[in-house]
Structure formats: C-alpha cells, structure tokens
Amino acid sequence: MKLLGIVGSAAEESYNRQLLQYIEKEFANQFDFELIEVKDLPMFDESNDQTQSVAIQNLNRKILKADGVIIATPEHNHTVTPALKSLIEWLSFKIHPLATKPVMIVGASFYDQGTSRAQLHLRQILDSPGVNAIVMPGNEFLLGNVKKAFDEFGNLKDEKTRAFLQSNLQKFLKFISVVSKLDDAPEQLPDEDLQAKGSVATTIPDVNMSSDHWVEEAAAKVHPVKGDTYVQLDHGILTVNQIDELLKSMPFEITLVDGNNQFLYFNHTSESASMFAHRKPEQVGNPIGDCHPARAYNHVKQVISMLRAGKLDVFRMPVPHGPGKYVVHNYQALHDTEGNYAGINEYILDFQPIIDWYLKKTGKELTGGNVDAVSGASKKDNTEKTDAVPGASKKVSRQQPDAISGASEKAAPVKPDVDAVSGASKKD
Amino acid sequence: MKKLIGIVGTNSATSTNRQLLQCMQHHFQKDATIELMEIQNLPMFNKPTADKLPDIITEMAAKIEAADGVIISTAEYDHSAPAALINALDWLSYGIYPFVDKPVMVTGASYGALGSSRAQAQLRQVLDAPELHAMIMPSSEFLLGNSLSAFTEDGALKDTDIIEKLDGIFADFLVFVDIAQQLKNAHDANKKAAADFDWDKIR
Ligand SMILES: Cc1cc2nc3c(=O)[nH]c(=O)nc-3n(C[C@H](O)[C@H](O)[C@H](O)COP(=O)(O)O)c2cc1C
Ligand SMILES: Cc1cc2nc3c(=O)[nH]c(=O)nc-3n(C[C@H](O)[C@H](O)[C@H](O)COP(=O)(O)O)c2cc1C
C-alpha cells in the first residue's frame, strides 16, 4: 500500500509536517509513505500555465501512482493555506490526478478547535468537480494544542491521540480498498519486450546487442568520452575515471538497464565468479532477455512493468548466498528530470554486515519473532516489547550512508552459489 | 465622496472579476471613487519569521487603512476563493490589521451560472477570522453568473435586471459604510484584540 502525505504548510517549521513525519515513522510497517511539500511551488496563475513544469509533473506522477493521499492542513484565517490551495488549483486545471483518489484529511493547529474550519473548507474544495477526490467521510483528526503534542523525539505524547490516529488510519486503509473496488477491472500493464527490439532516445543503433564486443562496437559509433575528460553532473564535475572509481568503490554491485530493457553497464568490481551476480563484460549490451533463463521471464516482465508504470519505485528480493549473508537484489526505477521512466538500477547488497554493524554500534539486539531464520542474528528468549526485525531494519535503512561504509569494511565478497534473479547468463 | 478600494480577487491576466470592478468604477463614479487593487505577483505566504513584511504588502495595507470601504470581487476556483486572494489576505493579517472593522462588500463573477456563490460563502468566513475581523455587509449577495458574456464591448453590464440589483446593493453599501462609522465605539478595542490575538492562548 502506497500513501502520499501532503504537507499543507509552506512554513519552514510546521507542525503539520511533524504530524506527517510521525505517521511516516510510526506506521512504516503498515504502508509506504512519502511526504510531499507545497512550499516552493509557484502560485497558481491561470495566465501563466506551469502544469508542465518538473515540480508539478513530479507531484502529478506521485499522486497518480499513490493508492491514497493524506493531506495535513493548517488553518489560516478559517481556511486552508494559500500554498495548499494553489497546489490543488494546479491539480484541477489541465490535469486531474486527484480525481477518484481516496483522500484523508488531518490537521494540526495551535488552538484547541484547530483546523476544524479549514478541514470543512478543504472537504468542499476536494469535492468540487475539477478536483473530484473521494474524501473519507466521518473522520476528523484535529490535533489541537499542537505545540505541546509532541515529545523531543517527534512522537505524539498522548496515548489516546495515538490510538485515535491509528484507528483513523486503519479506517482509511479499509476505505481505500473499498474505493478501489468501485473502479473497473484492474488495468492490464503492457507486455515487456525483453529482447529490447524497440529503442529509446539513448539507444545506440545498428550495433549487434548480442555481440561479445558490444561495448567496443558501440564506442566506435558514438565515440564516448573517456579517461580524464571532464563530465558535468548534478551536481559536480568529475572525470570519467573518477566516475569509474566512484562506482567501483560502492559497497554493492550495480547494473544499469535502460528503458528499452537493454543491459548497458555494471560496476566491474571483481572477477565474474566472485560477484554475487556473475556478470561478465561480454554481456554488456545484451537485451535483458539474454541475461535471464526463460523460466524467469514472466517474473522479470512483471517487475519491470510495475516499475515502468510507477506502481513500484523499488522491488527488493532476498537471494540466498549461504550462511552469514543477507543478500538482497534491489531493482530501483530510474527517472529522467521530467519524471519519465528511464530504466532500472539493480544493486545487489549484503545487508548482514550493515545489521551487524548497527547492532554493535547501538548495543541493540534482535529479539522476538523468528530471528534466526531471518538474519541469523542471536536469538534471545524475551517477551518484552521489542524492536522486532521490521522495525530494526527500517532504522538500518535510514542510517544507510554510515552503515554502508561500515559494511564495506567487513563484507568480503564470497563466491555465491546461485544468482536466482538474473539467472545464469545464456552465455555462461 | 467615499473612497473605496476594489480588490481584484484573482491573479489572472484576463478576469471578468476585474471587468466587473472596472464596470462599477465607471458606473458609480458620481457616488464614489473606486481604486482597483491587484493581488498579482505577491510572494507566497509562508509565515516568515522576519519582522519585516514585503513593501508591497505594507503599501496595500496603508491604502486599505485609508479607504472608507473595500469591495472584494472573488473568482471561484474549486468552489473556493483563488489561492492568490487567500494569500493576499494572509499577508494582510500577519502582524498588521487593516481590515479590522473595515466595511467590506463581497461580489464575484464566474463563467458558470452560479456566480461564485460557494467562493463567496467561504470568503465571508475568512473575513470573519479574528485577525481580519472585517465588517462584512450582511444579507447582500451579488453573484454575476455567465460572466464571459455579461459585458458589452465597452465594459458595461448588459442585463438591466442585474444592473438594478447592483445599483441597489451598492447604494446599501454606501449607507453601510456610514453606519459602520458609527459602530466604531469598539474599534480601538477590536484593533487591539486583533493585535493581541494569539492562536496559542485561546481555549
Ligand atoms: C495569518 C494566520 C492566520 C491564522 N489563522 C488561524 C485560524 O483561523 N485558526 C487556527 O486555528 N489557527 C490559525 N493560525 C495559527 C495556526 O494554528 C497555525 O499557524 C497552523 O495551523 C499550524 O500549522 P503549521 O505549523 O503546520 O504551519 C493562523 C496563523 C496565521 C499565520
Ligand atoms: C483551477 C480552476 C478551477 C475553477 N473552478 C471553478 C468553480 O469551482 N466554479 C466556477 O464557477 N468556476 C470555476 N472555474 C472557472 C472560472 O475561472 C471561474 O468561473 C472564475 O470565477 C472566473 O473569474 P475571472 O473571470 O475573474 O477569472 C475554475 C477555473 C480554474 C482555472
């Protein structure tokens, strides 16, 4: 379940933002939650249409692919903020991503009664034909006296408030599933061409994709810059060599597949046999159909079509590589600056050293549940409330930058048995 | 003669609400001067922590302060007033209180038949908030529906029934402005109440 939270305040410091951040943190194991901001968006102006701007298009795409939207509104002068209203106007002018989208309204205010009037206005606004959202009826989550509502860790202090929020969110999840039944039959995602017979703007034409020397042959066509030539990036300037060094220093294996399902790159960190996925330089350029056994095609197609359609941002799959490891293949969608699908970054990472490092540094332990089976971490008989695995791993991923560099110290690549996802290459 | 401000309640370059105010400006020139005030190009309100308001806001506030009354003609976007108008009102109630006890007449034009009725209803609630605290003329809805075809080429209203209705409401508004003057006993207290008002301190 994918939910989007709209911070209805343009203020630098906002209690409504804090409320959504709390929801994001507290309910991480119940749904995916992404926050979007109304601050820094241009004021709606009918005579200066900016619907096509990157900022509006990105929001459009995010809303379209969300299962539901939670709007946190402040109250200014008995109504919603201009910044929130302006966003809704952009989203009801030339595009209508909120149409038939389940929406839940919450609001935080300094005042007891806070946001009750703004919430009513917002309901009327969302109900207008140009917006046409489906607002969850009945529930009113008003967080009054907000300056006293959170503790120093950003958690809601009052247990009743927490329980009420929890029950509202549960209702919203149910509401979403009811509303989705109002829709017609589930949409069929278009089939994926794993043989890369089409092309995208960056496809290098007239080179045999299956050739063992695709890189050299393609290079002869497009004369790519290399070595000490500078390249400007978002954001910085590096030479091609520096980019290579950077990518090879990453504590994971990266593979890039473009929007045409052509395998274009991997960071060649070691010999094929000692990589988690046994990639070989000769495979580069192949259609990805050539890198997977036919029995995996359906699954691969399914994942790519969901990433392409924006139903998923990332698909993660643990692949057994023997004891003491927790290797995960992560298929992360790439997007261009306009938000269009641009392919996949597959990165393969052993999480185990990260978890070990985190536990060592924080003195925490994995307890409860079937810990051994999941991570091989120490088991501890314990009935007290714990940071069970989902909670812990969530925290790990938040700490990624540090945790990963820690991991690389320890994670000596060991010969993997199988690469269940990519399968053995046909050329193997 | 009364000095009024007519706020164009949209930032759109072409606006039938602007047309309506221009029409009133001309039509009522013997009874009042109506100066049009635009809300285009104001920064987005973001509760800045700095004390100083943008110059354009303080200039607008001074004009409103000096006027006998204000006419706000609101467009309707998504059944409510445009963000640009709400934005102007937020700035004009942020540590400054030019609207407190100011006589205000609400009008509105819309392309459809309903003449911005829902935006006007919300706008009245907004103007009633403690830091705006305007004196809104009661029982006086002026709705201009089908506004794209409501004006002649030289900007006059076509429909004589509508002109009659507007004449009546505007005459009432001039009286309301006078009455409002007499209701100013509590003004200083109201002004102070708005300035002292703190969303923190009410229960
Ligand atoms: C111009 C202005 C008008 C306000 N009007 C109201 C109001 O009508 N009702 C209310 O409860 N709070 C009002 N407040 C205070 C809000 O409670 C507070 O700014 C907001 O809801 C907190 O949300 P945030 O921290 O996410 O911005 C107002 C604040 C400003 C700056
Ligand atoms: C985003 C958007 C939303 C609109 N929503 C409404 C609406 O809810 N009701 C309506 O009568 N007209 C709506 N309109 C149409 C006109 O803009 C509206 O009637 C407006 O009041 C005309 O005023 P103006 O000529 O001063 O711009 C909408 C227009 C836009 C661009």
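A polar contact here is a pair of N or O atoms within 3.5 Å; within protein, one must be able to donate a hydrogen and the other to accept it, and residues adjacent in sequence count only if both atoms are side-chain atoms.

**Before you click**

This is a predicted model, where local features need pLDDT of at least 70, side-chain atom pairs count only at pLDDT 80 or more, and totals for chains, interfaces and linings use all residues. Residues are numbered from 1 along each chain as its sequence is written, chains are lettered from A and ligands numbered from 1 in the order in which they are written, and side-chain values use heavy atoms, with hydrogens and water left out.

Colour by pLDDT, the predictor's confidence in each residue, from 0 to 100. Chain B averages 94, and 98% of the residues score at least 70. For the complex, the predictor gives an ipTM of 0.94 and a pTM of 0.70.

**Stop 1: ligand 2**

Select ligand 2 and show B:Asn17. An N or O atom in the side chain of B:Asn17 is 2.7 Å from an oxygen atom of ligand 2. B:Ala109 uses a polar backbone atom, 2.7 Å from an oxygen atom of the ligand. The protein covers 87% of the 620 Å² of accessible area that ligand 2 has on its own (Shrake-Rupley method, 1.4 Å probe).

The site is shared between chains, because residues from chains A and B surround ligand 2.

**Stop 2: ligand 1**

Move to ligand 1, which lies between chains A and B. Show A:Asn16 and B:Lys47. A polar side-chain atom of A:Asn16 lies 2.7 Å from a ligand 1 oxygen. B:Lys47 also has a polar side-chain atom 2.7 Å from an oxygen atom of the ligand. From A:Phe110, a polar backbone atom is 3.2 Å from an oxygen of ligand 1. The protein covers 98% of the 620 Å² of accessible area that ligand 1 has on its own.

The shell holds 21 residues, with A:Ser14, A:Tyr15 and A:Glu75 among the nearest. Eight are nonpolar, nine polar and four charged.

**Stop 3: the second largest pocket**

Centre on A:Ile243, A:Asp244, A:Leu247, A:Leu264 and A:Tyr265. Of the 44 residues that line the second largest pocket, these lie nearest its centre. Its volume is about 1600 Å³. Which element gives the most to the lining? α7(A) does, with seven residues. The lining divides into 27 nonpolar, 10 polar and seven charged residues.

**Stop 4: two backbone details**

Select A:Asp234 and A:His235. A cis peptide bond joins them, with omega about 15°. A:His235 is in the loop between β7 and β8 (236-239) of chain A.

Finish at A:Asn132. Its phi is positive, about 60°, although A:Asn132 is not a glycine. A:Asn132 is found in the loop between α4 (116-127) and β5 (134-135) of chain A.

Key
A residue is near a molecule or strand if one of its heavy atoms lies within 4 Å of it. Ala, Val, Leu, Ile, Met, Phe, Trp, Tyr, Cys and Pro count as nonpolar, Asp, Glu, Lys and Arg as charged, and the others, Gly among them, as polar. On a 1 Å grid over the protein atoms alone, a cavity is a set of points where a 1.4 Å probe fits but cannot get out, and a pocket is an open set with protein on both sides within 12 Å along at least five of seven lines; lining residues have an atom within 4 Å of a point. Grid points are joined across faces, edges and corners, and a volume is the space filled by probe spheres set on the points. Helices (H or I, at least four residues) and strands (E, at least two) are DSSP runs, numbered from the N terminus.
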